[in-house]
Amino acid sequence: MKKNALLFGFVEGALLKAIRQGQWVLLDEVNLASSETLQVLSGLLQDNKGSITLTERGDVEPIPRNENFRLFACMNPSNDIGKKDLPPALRSKFTEIFVDEIDCYKKDLEIIVGKYLNKFGHYEQWLLGSIVEFYYRVKKAPNLYDTDNKKPHFSMRTLTRALSFAISVNKNYPILKCVYEGICVSFTTQLNEESFKIMNEIINSTILLKRNISQCNIVKNDDESKCLIEGYLIDKGNFEIQEENNSFILTRSVKNNLKNLARAVQCKKYPILIQGPTSVGKSSIIKYLADLTGNKFVRINNHEHTDIQEYFGSYVNDSTGKLVYKQGILVEAVKNGYWIVLDELNLAPTEVLESLNRLLDDNREIFLPETQETIKAHPNFILFATQNPPGMYGGRKTLSKAFRNRFLELHFDNIPSDEMEEILSKKCIVAPSYCKKMVLVYQELIDKRPKSKIFSGKHGFITLRDLFKWAERNPNSYQELAEIGYMLLAERIRDVDEKGIVKKVLEQVIKVEINEDDLYDLELIKRVSRVK
């Protein structure tokens, strides 16, 4: 046989090794597995001597089962998105235990909160009662909505994450400030403006008890291993810090978004999901913060056909024709401590997203079945995800509550019109008067709904990305501004009436007349070019 001949062998997975060695195995999120995968378990669940026969390998005898082997499975209810019921024949073979929510029992909740507070070393007893009262008031509050006007999902994971976050920043603040920061980053950043006010009132009346903690804010940085960003200390990365970025414009709302992001990033333990309309700066603000802190920024653009191999890698031929495993960009980021952005998260298939559960949990690790390797995340590694709101843009789906609850959520709203004018002017080098007209056109068009793009919502005629494209054409007159806007926004529309709507808005706002024949008159274009 040739030296470089390819040989394939059957590699036993974790379940088979556990059967042989008598280990305990947990099948997490078992109702996400395919029916074919679940069917393999049938023989294993027959009785206490049941096992698996590897017909794929040509075996005719089942694998010897160690008497200490135990199989456990857990799942979320099937009423959540992406979850399904187990087949009755398979489910009946398990001893089933229903686990109620712990927060149903106040004494149990107090024990859990107390265990977390004990990690501070010392705390006043009133704080424990305040946190418990805060949680119950939030759970019962009827008027809390996120920026999509949907009820946010607050659970025990949200509370325990807030307390873990507080513990992780303990060296930076007094205990009350730590708890306050943890509560804010977990419970407030996904809410709309009215709900944010309600949540702040609940925090002030329970956690803070009307105390002023502004004096606890960090005002200087004496640690050379950290960067001070919007009042929060963030660990420096292993790459060169790039402080100057003239293309990123810091307006009032952008600075507020940066503050919320810096608050979430200072912990580094938890994945961060940013939701907002297109072109509000979700990915760019992460890159800006990565540059300021010396961290490497990488990105995966998701789509409806994203494959798990794009995340984890696959076998490929090297230069000699040998089959080798090439790691995916996510694995590289986990190993080397990069900041990775999973862009357009809710476009990716559900089965691809659920493969991230192990990385999104507190153990922060990934398992590669092809190489049987478990990789722990580098201390500097942070996973970010961005998405447009489901329902506002075509193809975007609603993530399951269980999956979404693994993230710290930040919601970015539309940029105010005066700030948008400033960003357009400074970023694209356009006269402020032109920017004002473009923003007015944008506001007029988002109030109209094209019938041909009924599923595009208010952005059927124009998006913020279109606004930047328009500004980058560098118009030299109001007439040219209107004509460029027409060619960019109207000429892509097939419906004549809808094209007329765009033309009418441009003419009314910019106060010029658009002659469609002149736009494509070759002789006129040549004469204008000679004059210029």
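In which loop does Lys-268 lie? In this predicted model, the residue is found in the loop that connects helix 9 (252-265) with strand 5 (272-275). Although Lys-268 is not a glycine, its phi is positive, at about 75°. Most residues other than glycine have a negative phi. Lys-268 has a relative accessibility of 14% and therefore counts as buried, the cut-off being under 20%.

A positive phi also occurs at Asn-474, again a residue that is not a glycine, with a value of about 50°. Asn-474 belongs to the loop between helix 18 (464-471) and helix 19 (478-489). With a relative accessible area of 41%, Asn-474 is partly exposed.

The protein chain is divided into four parts: domain 1 (14-92), domain 2 (106-207), domain 3 (269-411) and domain 4 (417-529). Taken over C-alpha atoms, the centres of domain 3 and domain 4 are separated by 35 Å.

The second largest pocket has a volume of about 1,800 Å³. Because domain 1 (14-92) and domain 3 (269-411) both contribute residues to its lining, this pocket lies between them. The lining comprises 45 residues, and Leu-27, Asp-28, Thr-37, Phe-367 and Pro-369 are those nearest the pocket centre. Elements giving two or more residues to the lining include helix 1 (14-21), strand 1 (24-27) and helix 2 (35-40), as well as helix 11 (308-312), helix 13 (350-354), helix 14 (357-360) and strand 10 (365-368). By residue class, the lining of the second largest pocket consists of 22 nonpolar, 13 polar and 10 charged residues.

Notes. Residues numbered from 1 in each chain as written. Predicted model: local features only at pLDDT ≥ 70, side-chain atom pairs only at ≥ 80, totals over all residues. Heavy atoms only, no water. Helix = DSSP H or I, 4+ residues; strand = E, 2+ residues; numbered from the N terminus. Buried < 20%, exposed > 50% of the residue type's maximum accessible area, 1.4 Å probe, protein only. Domains from an automatic or database assignment. 1 Å grid on protein atoms, 1.4 Å probe; cavity = no way out; pocket = protein on both sides within 12 Å on 5 of 7 lines; lining within 4 Å. Points joined across faces, edges and corners; volume = space filled by probe spheres on them. Nonpolar A, V, L, I, M, F, W, Y, C, P; charged D, E, K, R; others polar.
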